[in-house]
Amino acid sequence: MALRLTTELQTLTTRHPFIIARGGQSEYRTVLVRLTDSDGAEGWGEAAATKFYGETPESVLAALAVYGEALPEDPFAIEEAERTWLERLGGNAAARAALSAALHDLVGKRLGVPVYRLWGLDPARAPRSTFTIGIDTPERIRMKVREAAEYPILKIKLGTPRDREIMEAIRAETDRELRVDANCGWTVKQTIAMLPVLREFGVTVLEQPLVPHDLDGLGIIRRRADIPLIADESCRTLADIAALAGRVDGINIKLAKCGSLREAIRMIAAARAHAMTVMVGCMIESSLGITAAAHFTPLVDIVDLDGAALLAADPFSGAGIAGGQVTLPTGPGLGVTRR
């Protein structure tokens with residue numbers, strides 16, 4: 001079952017410029033990964049690189065060239081393969097996550113079962129996903145809220161001098177559940193000042209208000225907040241969880257941060273051992289990357305897998321969030337098809 005690796009760059013365009021506290025854009029390049037065995041069976045994955053985590057599409061391609069020299073002889077030896085890649089070249093989480101997804105896809109196809117069945121999960125237990133409203137003018141924010149009418153839970157990007165104005169614009173349009181993500185845009189003092197504002201507008205979750213390294217600051221905020229505090233940029237891999245225990249209420253797992261599906265599963269187990277809430281999030285990526293993460297949603301509490309739903313055109317079909325409800329494909333492997 002000798003494996004062959006091929007890669008492909010793709011450009012994705014969002015319906016609206018996707019802006020968060022540290023900037024944004026409309027075009028995003030991701031890297032498609034395909035593993036083909038000697039029988040012609042294929043496994044697919046997607047690398048959504050971000051400069052914030054030290055990766056670009058070009059660095060992903062360079063890393064994949066290194067990892068491609070260490071493909072497993074047995075595609076079922078996923079644990080060993082992921083460990084070998086990490087030892088061969090550390091970092092490069094998005095690149096490794098794409099290979100991990102491709103191996104899981106290939107193995108599921110060889111066995112004829114969806115990946116979630118490999119883990120013994122019930123797809124009906126997948127929670128509802130949020131839909132994100134990026135930073136914009138009040139007029140455009142209200143328009144985005146109207147366009148997102150089918151989604152019962154909205155995630156609001158804050159971290160600007162206009163945060164109250166943004167919240168007022170949203171509440172002028174809807175009484176739906178709101179969760180907030182400041183993407184490291186506040187200080188401890190600013191966050192504490194914002195807590196009454198979040199309470200006023202009925203916000204139910206606060207995600208990553210501070211810069212990643214300020215764990216003590218997160219602890220201060222948690223002691224003052226009356227809504228769950230979730231660490232995103234402060235939590236990349238399993239190794240980060242112990243230090244966050246007691247300082248936040250939960251963690252946000254993203255494949256592009258942690259580097260593999262198996263690492264994501266380990267992170268879920270560790271977070272549960274610390275009685276923490278578990279969230280799964282995404283980057284701007286197609287349904288190929290979104291679906292890989294969606295397969296473990298039956299194990300989590302909070303889902304934010306709207307990356308493909310924000311696109312003007314999605315080149316893949318897989319897991320969906322129509323009406324906010326995560327639905328998993330029934331096909332083998334990841335169950336993703338190219339349009």
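Modeller: Let's start with Gln208, which sits in the loop between β7 (203-207) and α8 (215-224). Helices (H or I, at least four residues) and strands (E, at least two) are DSSP runs, numbered from the N terminus. This is a predicted model, where local features need pLDDT of at least 70, side-chain atom pairs count only at pLDDT 80 or more, and totals for chains, interfaces and linings use all residues. Residues are numbered from 1 along each chain as its sequence is written, and side-chain values use heavy atoms, leaving out hydrogens and water.

Biologist: Why is Gln208 called buried?

Modeller: Buried means under 20% relative accessible area, exposed over 50%, partly exposed in between (1.4 Å probe, protein chains only). Gln208 has 0% relative accessibility, so it counts as buried. Its phi is near 40 degrees, a positive value in a residue other than glycine.

Biologist: And what makes Cys184 buried?

Modeller: Its relative accessible area is 15%, so Cys184 is buried too. Cys184 lies in the loop between β6 (177-181) and α7 (188-200), and has a positive phi of about 70 degrees although it isn't a glycine.

Biologist: Now the helices: why is α5 called oblique to α6?

Modeller: Helix α5 (residues 138-147) and helix α6 (residues 163-171) pack at an angle of about 40 degrees, with their axes 9 Å apart. Angles under 35 degrees count as roughly parallel, over 145 as roughly antiparallel, 65 to 115 as roughly perpendicular and the rest as oblique. Axes are lines fitted to C-alpha atoms, for helices over the stretch in contact (heavy atoms within 4.5 Å), and angles run from 0 to 180 degrees between N-to-C directions. So α5 is oblique to α6.
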